[in-house]
Amino acid sequence: MNSVPTDPREREPFETSATPVPYAVDRRRFVGYVIGGATLVAAADLVLADPPPANAEIPTLPQPAELYDLNDMLTDAARPTANLITVTINEDGTASFELPRAEVGQGITTSTAMLIAEELDLPVDRVRVTLAPARPELLFNQLTGGSNTTISTYTPIRVAAAVARVTLLDAAAIVLGDTVAGLVAKGGVITARNGSSVTYGELAVKAAGSAGSRAVEVELKTEAEFSVIGTPTNRIDALAAVTGQKDYTTDVAVPDALPTMVCRAPTLNGTPVSVRNQAQVEAMPGVTHVAQVSTGVAVRAATFGQCIDAVRALDVAWKAGPVAGESDATILRKVRSAQLPMPKLPDTPLAQTVSGDFTFWFRSNSAMDTNSAIADVRPDGATIWSGLKSPIVAQQQIALKLGMSPDKVKVNVVTAGGSFGRRLFFDAALEAAEISQKMGAPVKLMWHRADDARVGRTHPLGTCRVQATVSGTNVLAFNQSLTCVETDFRHGLGEIITAAAADLPGGVGNLGFAETIFALTQEVPYDFGAVTQTLVETDDRFNTGSMRNIYSPDVRVASELVVDKLAAKMRMDPYQFRRKFQRNERLLTVLDTVAQAGEWGRSMPTGTAQGIAIHKEYKGVSACLVEIDTRPATTGRQIRDAVTGPRVTRVTFAIDVGLAINPRGLEAQMQGGINDGIALALTSSLHLRDGHFLEASWDNYFYTRQWNTPPDVRVIVVPSEEKVPGGAGEAGVAATFAAVACAYARATGTMPTQFPINHDQLSFEPKSFVPPVPESPTNGLDLIS
Amino acid sequence: MPEQTFIVNGERVTVDVEDDVRLLWVLRDLLGITGPKYGCGINVCKACTSHINGKAFNPCAVPVGSIGSEDEVTTIEGLPGEVTEQQRGANGLHPMQEAWLERDVVQCGYCQPGQIMAAVALVNRVKAEGRQVTSADLDTIRNICRCGTYTRIREAITDGASRM
């Protein structure tokens with residue numbers, strides 16, 4: 001037994017059973033393992049996650065998300081799965097760890113390396129974090145979503161690293177002839193009292209466990225002892241990225257996996273009937289295969305350029321897709337007709353009702369790195385490479401598609417160039433597997449940008465209605481109803497919910513999973529009397545999915561705009577109104593922080609204004625104060641193939657995320673979320689016309705660009721009283737979107753009723769649908785700069 | 001098949017491929033130079049931005065046959081070679097790459113090689129005009145970043161310009 005608590009206060013008798021069950025001894029002491037291996041392999045079970053803390057603040061009428069939120073559910077769903085994560089000490093003195101999550105830009109490989117470095121007393125740059133392939137034994141515990149990675153892995157990863165450290169110290173005591181108490185571990189070197197020392201690398205083999213595993217009790221560092229956690233740290237993958245060495249799926253070299261693309265139908269989700277000129281396309285330069293598959297006609301060639309030419313040349317008979325003939329207007333009518341009636345609220349001199357009704361158009365979560373996957377399908381098995389946030393479900397679905405058992409399908413997780421929710425699905429991996437099987441050859445499938453924008457998943461169109469009843473200086477009731485096209489959660493989150501739903505409080509366990517996600521994430525963070533929030537979803541024909549922050553951006557925009565209306569009704573300043581009705585101390589702190597740092601209430605010229613909003617989710621709280629310029633000189637800026645319009649000129653954003661593992665990474669996530677919020681408010685949406693989305697590239701879908709981004713952005717990471725981390729990846733979007741909407745309404749004197757505000761104006765000439773991808777230009781040398 | 005000869009990152013290369021294949025695919029699919037990324041294929045997103053004879057261009061929009069045998073193409077992999085060894089920083093990289101590292105600009109990283117190549121060309125152009133990079137200059141950059149790293153990009157370009 002290697003139990004070595006060094007702090008005398010913690011030295012209490014501890015006995016382990018013959019077959020120890022991994023568990024927390026208390027908040028800081030845990031049991032992990034040393035596993036047999038060539039070098040030291042230390043392990044911990046994800047069952048070690050702390051139980052959800054008893055809620056500190058109990059409001060009068062708690063909403064489900066306050067007591068038990070989506071992250072509690074994701075963490076609890078992980079709890080019963082007995083499975084190990086391991087930290088390996090290598091002979092070169094490095095530690096390595098396979099993270100069972102997907103790095104998509106959010107910085108979890110860096111924060112994970114920091115957790116390991118902290119407990120191991122090893123520099124961060126000596127920790128190698130890679131992405132684990134699909135591990136079916138992890139059951140529900142290999143899903144990257146809900147900003148849950150750090151929340152769910154914070155304790156287990158540190159326990160595994162602490163087991164490694166304790167074991168290295170034991171081995172060093174023998175080598176150096178000292179007692180463990182006399183040793184100091186620092187920077188990967190253990191030094192004895194007599195000055196002799198030994199490195200982790202030299203101990204890696206000596207400390208290795210024999211066959212089987214043995215339990216080790218460890219004590220984690222206290223927050224006061226942290227020297228890595230909480231220290232701003234640069235990303236571990238930055239050097240690779242800035243030198244072009246960071247590999248994404250299409251950069252991975254797999255022998256004979258030639259470039260492959262798909263020719264798609266002119267209506268959304270249309271399907272191929274027949275190819276009229278297959279032989280002609282097969283004879284084109286570079287082309288090796290043409291194959292009709294379920295989603296279109298696939299082409300494999302020596303280069304992607306030749307794939308594009310072949311896709312453009314294909315003459316295909318199509319069966320129209322399920323939304324043929326539909327447009328934004330017809331879908332909105334369907335959503336409107338599915339709306340539940342709002343309760344009849346009083347409107348008398350004593351009790352008045354304030355309301356709002358907002359439309360949120362379809363939006364795209366297309367990342368820079370388009371949907372892509374490499375598939376090498378053989379008769380006896382298949383290997384897949386792709387950026388996947390739910391690799392276990394992907395493995396099961398691909399196996400089903402190929403008619404193989406899941407253990408014949410190896411699924412490798414590749415670092416992805418962005419996700420924004422899109423990589424919860426595995427559309428490209430499934431398609432690549434089908435194509436490779438059909439062609440009998442390995443393929444490197446890449447979606448054209450036009451397909452990624454038009455056929456890739458969207459944030460559903462929806463409406464959000466709000467009614468609030470005011471009496472004097474009180475808000476008596478606040479009702480909010482979101483109605484939208486269905487959000488697809490069939491990537492496996494549903495399975496988690498099936499596993500966890502029975503234990504959910506508040507009677508939400510019997511709701512559908514969209515309802516469950518909604519109930520567990522949404523709340524009105526104000527003391528507004530009787531609060532109700534409802535969700536109705538109505539149309540399952542679209543390719544949808546969670547987009548960064550899921551329901552919250554739309555729900556919070558509708559709420560905060562009506563909050564500004566309520567403030568006006570009571571003749572109160574919007575900031576002071578938010579303070580008055582705030583019941584959460586942490587929210588009050590971030591609100592005050594942005595008001596002060598962002599100079600709330602400063603004098604602004606006509607046509608410019610400030611807006612302020614708050615948000616609470618992922619165990620953290622945030623507030624945003626923006627300034628917007630809607631004057632003609634700004635909105636009238638002419639930039640080719642661009643949307644200019646109003647410009648957010650200054651953003652002050654404060655977040656209390658709980659324990660911030662890497663404040664520099666957290667700041668980066670907020671900066672990104674700010675640009676997302678601005679895009680959602682002002683510029684970016686998809687337009688459905690005649691059964692297809694029009695947007696086919698970045699000169700059609702207007703995500704925030706340099707000419708839109710605020711020149712002045714300040715993110716303040718507020719010191720937190722919380723001892724555990726919250727989620728970072730999505731936390732910047734909702735408050736920013738809401739603050740921009742509020743600022744725009746104040747600057748123009750008109751409250752917008754649809755988002756983005758420019759949706760009615762089509763700002764581009766749509767590209768062709770037949771052929772489905774645009775021609776590659778040839779004038780690049782005329783445009784050098 | 002025609003032979004295409006040109007210079008990439010200081011080395012002369014010869015590739016057998018049709019004239020009309022765009023240079024991006026010759027670099028990525030045939031030469032294995034994967035720093036320039038595909039983001040749209042129509043010279044909009046600028047993720048493939050590289051240099052030709054020291055100026056920014058987008059190989060997704062250039063048929064390989066229009067590249068001359070003496071043309072020097074530089075991708076992110078060869079960027080440090082555009083400055084002398086003395087001008088390179090702590091990591092042996094171009095001053096703009098060093099500024100990028102120090103400011104921890106990268107999130108997913110996919111667009112960043114193109115961002116850096118565009119930034120270097122912008123700074124070179126502005127310096128040739130005998131002036132400093134302004135906020136208005138930064139507003140003209142067309143490279144898209146879907147992670148929204150624009151704030152740090154702006155800081156890094158200003159920082160990198162002072163080192164160049």
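Modeller: Let's settle one term at the start: domain bounds come from an automatic or database domain assignment. The structure above is a predicted model, where local features need pLDDT of at least 70 and side-chain atom pairs count only at pLDDT 80 or more, while totals for chains, interfaces and linings use all residues. Residues are numbered from 1 along each chain as its sequence is written, and chains are lettered from A and ligands numbered from 1 in the order in which they are written.

Colleague: Thanks! How far apart do the C-alpha centres of domain 1 of chain B and domain 2 of chain B lie?

Modeller: Chain B is assigned domain 1 (3–77) and domain 2 (83–163). Between the C-alpha centres of domain 1 and domain 2 of chain B, the separation is 21 Å.

Colleague: And which elements give two or more residues to the side of domain 1 of chain B that touches domain 2 of chain B?

Modeller: I call two residues in contact if their C-beta atoms, placed from the backbone, lie within 7 Å. Here 14 residues of domain 1 of chain B are in contact with eleven residues of domain 2 of chain B. Elements are DSSP runs numbered from the N terminus, helices being H or I with at least four residues and strands E with at least two. Those giving two or more residues to this side of domain 1 are chain B strands β3 (50–52) and β4 (55–57).

Colleague: Which element gives the most to the side of chain A that touches chain B?

Modeller: Between the chains, 61 residues of chain A are in contact with 61 residues of chain B. On the chain A side, α6 (238–242), α8 (304–313) and α19 (663–682) each supply at least two residues. With seven residues, the element that gives the most is α19(A).

Colleague: Why does Val17(B) count as buried?

Modeller: Val17(B) sits in the loop between β2 (11–16) and α1 (23–30) of chain B. Leaving out residues up to four places away in sequence, Val17(B) touches Met1(B), Gln4(B), Val26(B), Leu30(B) and Val64(B). A residue is buried if 20 or more other C-beta atoms lie within 10 Å of its own, exposed if 12 or fewer, and partly exposed in between, with C-beta atoms placed from the backbone. Val17(B) is buried because the number of other C-beta atoms within 10 Å is 22.

Colleague: Is Asn53(B) partly exposed or buried?

Modeller: Asn53(B) lies in the loop between β3 and β4 of chain B. Its phi is near 50 degrees, a positive value in a residue other than glycine. Because it has 13 C-beta neighbours inside 10 Å, Asn53(B) counts as partly exposed.

Colleague: On to chain A: what does α17(A) reach from its first C-alpha to its last?

Modeller: α17 (585–597) of chain A has 13 residues. The expected span of a helix is 1.5 Å times one less than its number of residues. For α17(A) the expectation is 18 Å, and the reach is close to that, at 18 Å.

Colleague: Which elements are included in what covers the buried residues of α17(A)?

Modeller: The buried residues of this helix are Arg586(A), Leu587(A), Val590(A), Leu591(A), Val594(A) and Ala595(A). Their cover includes, from chain A, α16 (574–580), β25 (608–617), β26 (620–629) and β27 (647–656).

Colleague: Last one: what is omega for the peptide bond from Phe755(A) to Pro756(A)?

Modeller: Pro756(A) is found in the segment after β31 (754–755) of chain A. The bond from Phe755(A) to Pro756(A) is cis, with omega near -5 degrees.
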